[in-house]
Amino acid sequence: MSAPTAARVRVLVAGDSRAMRDALRRTLTADSRLEVVGMAAAADEVVRAVTRSLPDVIVIDVGMDARYAIGTVGRVMAVHPIPVVVMSANTPEGGEAAIRAMEAGAVEVVAKPSWSVDPGLAALSSEIVRKILAASRVRPARIVAARPGERPAGARHPGLTAFATPAGSDGWTPCVVIAASTGGKIEMEPAAVLVVQHMPAPYTQAFARMLGERSSITVREAAAGDRLARGVVSVCPGSQHLTVGPRGEVTLRPAQLPSEDAPSADLAMTSVAEHAGPLAIGVVLTGMGRDAALGAAAIRKSGGIVIAQDEASSVVYGMPRAAADMGCVDAMVPLSGLSETMLACVGDLLSHQLKVGHAS
């Protein structure tokens, strides 16, 4: 008796370009693991098709009107949350649209060659299929109003050692590593901040620019040889791994395999834990998979603090859950309370450091 055949992943293809929808349908139906169960254009049509076809994943093409795709993601996530993979052009405008779609609830993004149908789409088929299959394994949640954030209870502060990124005459710098952030203001003048977001290479420069427009402190895409600095947010370049040296210097290397989480939060967090010790703060936000769990454990083991986004405010609870399962999370905090909690933790570290300095 033969083994049962695995059910194919049901995909709804959406986009305002009929030519691109047809091209995507041809690409996806060529893979036996996928089944295209519908095609839709307008946002209302997409919502109706979700109810009618019950897809496992929606693929939305960002065409010339980025507002269409972003609005469609928002409508779907509000009415019937389903994993959404967004395809957006490899341009600054396309990068910004992809980031806004992720803020609206998309779980994966693919950088396509141009705004229009392009022969290069065929070269992306393996990446598109891989990301659809990965997305099919998660179940996004509606975002509900969350309670105000609370400061971690019982966060541990063993004897502080100097993180080797000097902040000048006023001491040493705490380092905050944020895994999978997709936007929002970052106001962390007392700390060095490193943002590690799973995002293709073309988009992280646009991501850094958007974060900078929302914040009063400097935001930059990290480059090899940079040093983490107080009051500066460094965004890890897409599709590269970043580690931090003993004086806060940045080293980059390209990902080796298309299936890798790149950039890797585990690698970045582990290197910060090694050199910042109890001055490290790890923050794990909504995201698929288990990346950041090992890095968060390394930060906790080094005496640092780990904060994770709570389930109620997470679109996908995979990464925070994985960190919590490691037993290394000091506090689960709603998205609305993360900034306040991070600042409180930095303040606690600096206050404790000052007391240690006066006592010595």
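Helix α3 (residues 66-79) and helix α4 (residues 92-104) have axes that come within 8 Å and cross at roughly 10 degrees, where axes are lines fitted to C-alpha atoms, for helices over the stretch in contact, and angles run from 0 to 180 degrees between N-to-C directions. The two helices, α3 and α4, are therefore roughly parallel to each other, given that angles under 35 degrees count as roughly parallel, over 145 as roughly antiparallel, 65 to 115 as roughly perpendicular and the rest as oblique. This is a predicted model, in which local features need pLDDT of at least 70 and side-chain atom pairs count only at pLDDT 80 or more, while totals for chains, interfaces and linings use all residues. Residues are numbered from 1 along each chain as its sequence is written, and side-chain values use heavy atoms, with hydrogens and water left out.

**The α3 and α4 contact**
- On the α3 side, Ala-66, Ile-70, Val-73, Gly-74 and Met-77 meet Ala-97, Arg-100, Ala-101 and Ala-104 of α4, contact being heavy atoms within 4.5 Å.
- Sorted by class, the contact of α3 with α4 has 7 nonpolar, 1 polar and 1 charged residues (Ala, Val, Leu, Ile, Met, Phe, Trp, Tyr, Cys and Pro count as nonpolar, Asp, Glu, Lys and Arg as charged, and the others, Gly among them, as polar).

**Helix α1**
- The buried residues of α1 are Met-20, Arg-21, Ala-23, Leu-24, Thr-27 and Leu-28, where buried means under 20% relative accessible area, exposed over 50% and partly exposed in between (1.4 Å probe, protein chains only).
- These residues cover an arc of only 165 degrees around the axis, which puts them on the same side of α1; the arc is that of the directions from the helix axis to the C-beta atoms.
- Exposed residues Arg-18 and Arg-26 are carried on the face of α1 turned away from its buried side, whereas the cover over the buried residues includes β1 (9-15), β2 (34-40), β3 (57-61), β4 (84-89), β5 (108-112) and α5.

**Lys-131 in helix α5**
- Lys-131 is found in helix α5 (residues 125-135) (helices, H or I of at least four residues, and strands, E of at least two, are DSSP runs numbered from the N terminus).
- Lys-131 is buried, with a relative accessible area of 8%, and, leaving aside its neighbours within four places in sequence, is in contact with Val-85, Glu-108, Val-109, Val-110 and Pro-200.

**Helix α8**
- In helix α8 (residues 293-301), the residues Ala-293, Gly-295, Ala-296 and Ile-299 are buried.
- They cover an arc of only 160 degrees around the axis, which puts them on the same side of α8.
- The buried residues of α8 pack against α7 (265-276), β12 (280-284), β13 (305-309) and α9 (318-325), while the face turned away carries the exposed residues Leu-294 and Lys-301.
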